[in-house]
Amino acid sequence: MQNPSPVIAIMGPTASGKTAAALAIAREVPAEIISVDSALVYRDMNIGTAKPNAEELAAAPHHLIDIIDPSESYSVAQFLNDSARLVKEIRARGRLPIMVGGTMMYYKALMNGIDDLPPADAAIRAQLDADMAQIGAPGLHARLAEVDPETAARLQPNDSQRIQRALEVFMLTGKPMSSLIAQQPRSAMPFEMLSLSLEPSDRAVLHERIARRFDLMLEQGFLDEVTQLKQRPELHAELPSIRCVGYRQAWDYLDGSINYEEMRERGIIATRQLAKRQLTWLRSIPERKVIDCNSSRATQEVVELALKSTQA
């Protein structure tokens with residue numbers, strides 16, 4: 001039996017043209033798109049996440065978009081299970097799976113497997129939430145440094161979500177999360193993947209594109225979108241959904257803690273910092289095929305490489 005052609009993975013920093021490239025492939029061959037974006041999973045968060053519009057969504061079947069409420073969380077393990085299932089189903093329909101997005105921890109899970117750590121515990125989470133309200137993320141980070149200095153060293157003091165998770169693992173097992181991870185074998189990738197990476201030859205061009213896109217989001221009513229979210233009493237600034245780039249800055253502006261210009265500047269800076277982290281991670285994948293996203297032929301190059309892999 002012939003092996004199926006590899007899944008096409010279109011990677012790259014934010015605003016590098018990944019969605020356009022995926023849709024261009026889908027115009028050439030029967031394909032379905034799997035989102036690899038931790039922000040697109042949330043319903044009612046459309047403008048600030050640059051979610052594909054109605055026309056784009058209609059151009060090809062899309063998956064893992066609008067699947068949970070902003071009050072809920074979506075784990076890396078859920079993504080790994082969902083993406084493996086979807087690839088199998090899409091192939092069974094005789095179509096090409098295209099994975100598109102810039103959430104690097106999702107790609108990392110696909111390539112390296114995930115750590116087999118204990119599931120979340122509601123009582124411990126509630127305790128850590130209460131501690132967070134009292135001493136803040138830096139206080140919890142200092143606590144983590146005492147019991148798991150290795151994990152604390154790789155986390156920013158304001159990374160509340162991951163700090164709480166590391167403390168939760170220690171409280172459940174009595175062992176540092178870093179030592180548990182080090183003891184675990186890595187699992188193989190669930191399917192073969194052709195990694196096509198849209199990266200800028202000149203980062204200044206990407207920075208300009210990021211600023212233009214943020215301004216366009218503001219023109220399209222981004223602040224109205226966040227205002228609607230803010231009216232829901234169960235949503236707060238520490239949720240993973242509200243910590244998405246842009247949303248946290250808009251939330252602070254609507255709280256009155258920063259002015260409009262500060263909100264815009266911080267939103268653009270945070271997006272640029274995200275792009276820098278994405279590019280740093282991409283450079284750690286030697287097998288990726290790099291396409292200059294600043295080139296006028298970028299989309300066509302992605303299409304050509306993708307179609308070539310389906311004919312091999």
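Is the crossing of H4 and H12 left-handed or right-handed? The crossing of these two helices is left-handed, a term applied if the near helix is turned anticlockwise from the far one by less than a right angle, with right-handed used if clockwise. The structure is a predicted model, in which local features need pLDDT of at least 70 and side-chain atom pairs count only at pLDDT 80 or more, whereas totals for chains, interfaces and linings use all residues. Residues are numbered from 1 along each chain as its sequence is written, and side-chain values use heavy atoms, with hydrogens and water left out.

Helices (H or I, at least four residues) and strands (E, at least two) are DSSP runs, numbered from the N terminus. Helix H4 spans residues 104-112 and helix H12 residues 260-282; their axes come within 10 Å and cross at roughly 20 degrees. Axes are lines fitted to C-alpha atoms, for helices over the stretch in contact, and angles run from 0 to 180 degrees between N-to-C directions. H4 and H12 are therefore roughly parallel to each other (angles under 35 degrees; over 145 is roughly antiparallel, 65 to 115 roughly perpendicular and the rest oblique). On the H4 side, the contact (heavy atoms within 4.5 Å) is made by Met104, Tyr107, Lys108 and Met111, and on the H12 side by Gln278, Trp281 and Leu282. Five residues of this contact are nonpolar, one is polar and one is charged; Ala, Val, Leu, Ile, Met, Phe, Trp, Tyr, Cys and Pro count as nonpolar, Asp, Glu, Lys and Arg as charged, and the others, Gly among them, as polar.

Rings of Phe, Tyr and Trp (its six-membered ring) were taken to pair if their centres lie within 6.5 Å, with planes under 30 degrees apart counted as stacked, over 60 as edge-to-face and the rest as tilted. The count by this rule comes to six aromatic pairs. The ring centres of Tyr74 and Tyr106 are 6.4 Å apart and the planes lie at 75 degrees, so this pair is edge-to-face. Distant parts of the chain are linked by the pair, as Tyr74 is in the loop between strand S3 (62-63) and helix H3 (76-92) and Tyr106 is in helix H4, 32 residues apart. Tyr74 has a relative accessibility of 12% and counts as buried, and Tyr106 is buried with a relative accessible area of 2% (buried means under 20%, exposed over 50% and partly exposed in between, for a 1.4 Å probe and protein chains only). Phe222 and Tyr247 form an edge-to-face pair, 5.0 Å centre to centre with 90 degrees between the planes. This pair joins helix H10 (residues 222-230), which holds Phe222, to helix H11 (residues 247-255), which holds Tyr247. Phe222 counts as buried at 1% relative accessibility, and Tyr247 is likewise buried at 1%. One aromatic cluster is formed by Tyr74, Phe79 and Tyr106.

In H11 the buried residues are Tyr247, Gln249, Ala250 and Trp251, and they pack against H10 and H12. Gly256 follows H11 and has a positive phi, near 90 degrees.

Leu194, in strand S5 (residues 193-199), is buried with a relative accessible area of 15%. Beyond its neighbours within four places in sequence, Leu194 is in contact with Pro6, Val7, Ile8, Ala9, Lys289, Leu305 and Ser309. His63 lies in strand S3 and counts as buried at 17% relative accessibility. With neighbours within four places in sequence left aside, the contacts of His63 are Glu32, Ile33, Ile34, Ser35, Leu86, Ile90 and Arg93.
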